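Student: I would like a close look at one helix in this structure. Please walk me through that part, then show me what lies around it and beyond.

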Protein chains: 2
Amino acid sequence: MPILTPGTCFKNAFDVKFDLCGKLLTSAEALDAKLQAGEEFDFKKIIYSNLGNPHALGQDPIFYFREVMGLASMPHLFDDESTKASFEPEVIEHARKISESFGRGGTGKYTDTQGVMFARKSVAEYISKRDGYPAKPEDIYMCDGATPGIQMVLRIALREKTDGVMIPIPQYPLYNACITLYDGAACPYYLDEEKDWALTLEEMERAHAEAVKKGINPRVCVVVNPGNPTGNVLNVEIMKDIAKFCHEKKMLLLADEVYQRNIYMPEEFPWVSFKKIVCDLGLDKKGFELCSVHSTSKGMVGECGRRGGYFELINVSDEVRSAILKLTSLLCVNSAGQIMTHLMVSAPQKKGEGKARDACYDQYKGIFESLQRKAKKLHKFFTSLEGVTCCSPQGALYLFPRITIPEKAIHKAKEEGIPADELYCVEMLESTGLLVMPGSSFGQKEGTYHFRTTILMGEDDLEDVLPLLKKFHTGFMSKYE
Amino acid sequence: MPILTPGTCFKNAFDVKFDLCGKLLTSAEALDAKLQAGEEFDFKKIIYSNLGNPHALGQDPIFYFREVMGLASMPHLFDDESTKASFEPEVIEHARKISESFGRGGTGKYTDTQGVMFARKSVAEYISKRDGYPAKPEDIYMCDGATPGIQMVLRIALREKTDGVMIPIPQYPLYNACITLYDGAACPYYLDEEKDWALTLEEMERAHAEAVKKGINPRVCVVVNPGNPTGNVLNVEIMKDIAKFCHEKKMLLLADEVYQRNIYMPEEFPWVSFKKIVCDLGLDKKGFELCSVHSTSKGMVGECGRRGGYFELINVSDEVRSAILKLTSLLCVNSAGQIMTHLMVSAPQKKGEGKARDACYDQYKGIFESLQRKAKKLHKFFTSLEGVTCCSPQGALYLFPRITIPEKAIHKAKEEGIPADELYCVEMLESTGLLVMPGSSFGQKEGTYHFRTTILMGEDDLEDVLPLLKKFHTGFMSKYE
């Protein structure tokens with residue numbers, strides 16, 4: 001009998017559900033191996049469109065960022081003549097400035113627990129400019145991607161099963177996983193697919209009341225904007241309602257805003273931060289508690305492996321901040337992620353700042369326009385299919401089409417013991433090589449079926465896969481008619 | 001009344017004690033500011049010898065590692081002619097190989113949950129060669145420094161107040177902090193200062209029996225070797241006793257071996273891994289559960305800000321491994337830390353592999369020899385002082401001298417409400433500019449007093465500070481006589 005067994009270990013770790021694409025991913029990898037071995041299929045490659053992992057799907061890193069980040073850890077080369085041959089002057093100067101900002105020991109020493117000051121200052125400047133309200137470096141906490149920030153706030157806020165967290169459905173499963181891990185209670189509210197996945201105050205009130213009726217005290221309200229997996233962007237009026245609602249019900253608002261730069265219909269669906277909404281309403285002066293997270297993994301940067309991000313805390317008490325810092329000090333934030341976050345928030349906004357920064361501006365723009373084109377193209381395609389609806393491609397890196405699954409297919413899925421949309425995704429993978437995630441992984445209204453695809457595949461890949469998708473969908477519908 | 005308050009949040013987060021150098025550090029920074037402002041003191045600088053943070057104290061990064069790591073994230077430059085002017089061929093080739101090993105998307109994508117395979121393979125090869133027993137990449141888990149590995153194992157192993165963890169005293173306070181955070185019980189065993197801080201089986205048995213008597217079930221036994229803060233290196237015979245003891249008492253052995261390369265008296269006090277001991281005894285075939293952690297933050301690499309490390313799991317059940325991977329997958333290990341870990345474990349062992357690798361070999365050797373010289377010099381110095389004893393400088397980055405504090409000083413400290421060795425450290429700082437940590441931060445036998453200093457200050461700094469230290473110590477002893 002081993003010492004560490006499920007029965008004798010921390011139970012929550014086993015109860016957590018976080019299987020982003022389990023069996024489907026295994027199938028995709030098996031198919032991939034067959035392809036590599038020369039076996040022939042209707043498709044030429046597997047497109048891993050299951051994860052918001054931009055570089056893995058072929059998106060280039062921003063070369064300027066990579067050069068500055070890399071060179072910032074090579075201070076011994078700053079003054080070499082050959083360095084000037086390899087790197088543009090603004091790359092060397094930026095790298096030097098960053099290296100010096102770390103202070104003695106550069107990027108190799110433990111950084112301040114809250115993160116290096118120069119990065120926190122850059123973030124505060126970015127937020128101030130973005131919102132038109134001043135942000136302070138003292139409120140910025142650098143972290144290894146957005147996730148540790150989310151985990152930290154939920155870890156601190158939850159004590160027991162009656163401490164509730166309002167979460168959207170459909171949702172990115174991280175939230176449920178953390179709530180299970182930290183012994184809290186999930187209080188789900190449903191996004192309204194009829195209204196382009198908007199959030200409604202009535203539904204928030206219903207969900208809150210339901211929680212209270214069960215003896216749960218909702219302490220945190222999670223809002224993901226732009227939405228994952230739904231790709232919606234909230235409008236200002238509903239955001240105001242949510243802020244007032246959180247204030248009234250005494251909930252900290254945890255604003256997951258990692259897709260804030262992925263806004264594809266900015267005229268109809270502009271993005272505004274919750275920080276700005278809270279300040280517009282004057283709630284920041286009334287003790288409104290807000291945590292907003294951002295990350296280098298999404299946007300046009302897509303540096304997932306870098307682990308860069310930050311969270312901003314508004315009106316959180318000093319004692320709680322001290323506890324957060326103490327827990328953070330057990331670890332240490334990585335320096336490359338902090339550099340990348342600094343680069344992300346201080347990216348050039350116009351041309352004329354040197355060859356490398358101009359190239360950065362162009363690359364940024366190019367990546368954005370490509371994402372926008374792909375979002376619109378995929379949306380147009382999905383809505384052209386029989387029995388498929390799809391909300392407008394407003395933001396984030398995803399579309400979340402709804403599929404009408406024929407009764408026979410539902411029956412077959414039941415026999416196989418899998419959700420009906422998983423069956424759809426399995427057959428899609430086998431026919432097209434496109435790997436997507438079933439809606440059941442995110443939660444959805446009973447009796448509705450969806451899948452989430454990223455918009456990250458190459459534009460060439462899109463040309464190849466859309467005809468296959470059309471054929472597959474038509475075939476699926478008639479096969480199970 | 002705020003929403004998040006100490007009274008309404010996760011209690012353990014507030015109960016955790018992890019203040020590595022709180023008030024003393026603040027005083028040092030205040031002194032530093034005065035120095036910068038031109039105020040005159042007996043010393044020219046503050047030496048932050050409180051933390052094992054090599055680069056902050058002036059240790060150079062290994063340039064070869066930095067260049068390979070940096071360039072591995074600039075694949076767009078691999079084939080540029082100018083790159084060949086800036087970097088040696090083996091740097092470019094190594095960077096290219098690493099970049100390709102990450103697969104499509106390079107260092108910017110989410111890496112495999114357990115870590116990239118090439119890094120795990122390098123680690124497994126290193127361990128196999130080190131111990132003479134095969135290690136498997138499947139048993140290696142890459143992590144952001146050693147701490148997340150330690151946290152993960154303790155998080156999984158602890159359920160409730162009766163789940164015990166045997167920890168050494170004096171100890172690096174991370175262990176106590178995690179045990180508080182995860183609701184376990186610390187079962188302290190004392191290292192024997194009379195025997196050069198050795199661990200004795202009698203003391204382990206006493207500590208275990210005491211825990212059992214209190215209704216605690218010790219499930220994990222932590223051994224730190226080389227020791228922190230004590231700098232001792234365990235001998236093979238006692239290691240065998242410990243392994244057998246863990247086996248008999250059904251405890252997982254958590255071997256904190258982050259200082260495995262910092263061995264300064266290798267003939268008298270050679271270092272052997274617990275993996276080798278367990279295999280020598282054949283216990284690996286009898287289900288012995290072992291977790292061994294290593295890090296890029298110490299050794300000759302000293303890359304604390306990089307967050308690189310790994311842990312090896314032996315005989316831990318598949319179910320528990322799955323749970324560990326699931327929790328790990330909520331986050332993602334950073335890519336630069338994995339590259340640095342790969343570089344650390346595959347550092348050149350001989351010359352003749354190219355100019356950059358030869359320079360790496362020399363730099364490694366130079367750093368090691370300097371650490372060894374400083375350890376011996378500091379040891380010789382401390383043992384020359386009246387009323388000070390200090391165990392031989394066997395390993396790690398620290399010395400932990402014991403000081404006889406005069407009654408009057410003990411009395412004064414009591415009046416000031418601080419431990420007597422903290423008073424000693426405060427006065428040392430004010431007289432010499434050297435910041436060290438009081439023994440009370442690590443735990444020590446009642447009535448004994450120590451401080452921990454790193455051996456990381458520059459050799460020049462040492463020349464300056466030793467006469468000041470001698471003067472301070474003599475003055476302190478006569479002042480409170």
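Tutor: Start with the buried face of α6(B). In this predicted model, the buried residues of α6(B) are Phe118(B), Ala119(B), Arg120(B), Ser122(B), Val123(B), Ala124(B), Tyr126(B), Ile127(B) and Asp131(B). Find them one by one along the helix.

What do these buried residues pack against? Their partners belong to chain B: the helices α5 (89-102), α11 (274-280) and α13 (335-345), together with the strands β2 (140-143), β7 (290-295) and β8 (309-314).

Now trace the helix from end to end. α6 of chain B covers residues 117-131, which is 15 residues. From the first C-alpha to the last, the helix reaches 21 Å. That is close to the 21 Å expected at 1.5 Å a residue. Gly132(B) follows α6(B), and the phi of Gly132(B) is positive, near 80 degrees.

Next, look at charged pairs in chain B. Over all chains, a search of the whole structure finds 64 salt bridges. Take Lys84(B) and Glu81(B). Their closest N and O atoms are 3.3 Å apart, and the pair forms a salt bridge. Both residues sit in helix α4 (residues 81-86) of chain B, and because they are three residues apart there, about one helical turn separates them. Is this pair buried or exposed? Lys84(B) is exposed, and Glu81(B) is exposed as well.

Lys285(B) gives another case. Its salt-bridge partner is Asp284(B), with the closest N and O atoms 3.2 Å apart. Lys285(B) has 70% relative accessibility, so it counts as exposed; the cut-off for that is over 50%.

Then turn to Arg306(B). This residue forms a salt bridge with Glu303(B), and the closest N and O atoms are 3.1 Å apart. Here the setting is buried. Arg306(B) has a relative accessible area of 3% and is buried. Glu303(B) is buried too, with a relative accessible area of 0%.

Now take the whole contact between the chains. Chain A gives 83 residues to it, and chain B gives 83 residues. The buried area between chain A and chain B is about 7,200 Å². Carbon and sulfur atoms give 60% of that area. On the side of chain A, Leu4(A), Tyr110(A) and Leu330(A) lose the most area to chain B. Together they account for 11% of what that side buries.

What about polar links across the contact? There are zero salt bridges between chain A and chain B. There are 43 residue pairs in polar contact between them, counting pairs with both residues at pLDDT 80 or more.

Which helices of chain A each supply at least two residues to the side that touches chain B? They are α1 (11-15), α3 (63-72), α4 (81-86), α7 (146-157), α8 (174-181) and α12 (318-329). By class, this side of chain A has 40 nonpolar, 25 polar and 18 charged residues.

Notes. Residues numbered from 1 in each chain as written. Chains lettered and ligands numbered in written order. Predicted model: local features only at pLDDT ≥ 70, side-chain atom pairs only at ≥ 80, totals over all residues. Heavy atoms only, no water. Contact = heavy atoms within 4.5 Å. Buried area = accessible area lost by both parts, 1.4 Å probe. Salt bridge = Lys/Arg side-chain N within 4 Å of Asp/Glu carboxyl O. Polar contact = N/O pair within 3.5 Å; in protein donor to acceptor, adjacent residues only side chain to side chain. Helix = DSSP H or I, 4+ residues; strand = E, 2+ residues; numbered from the N terminus. Nonpolar A, V, L, I, M, F, W, Y, C, P; charged D, E, K, R; others polar. Expected span 1.5 Å × (residues − 1). Buried < 20%, exposed > 50% of the residue type's maximum accessible area, 1.4 Å probe, protein only.
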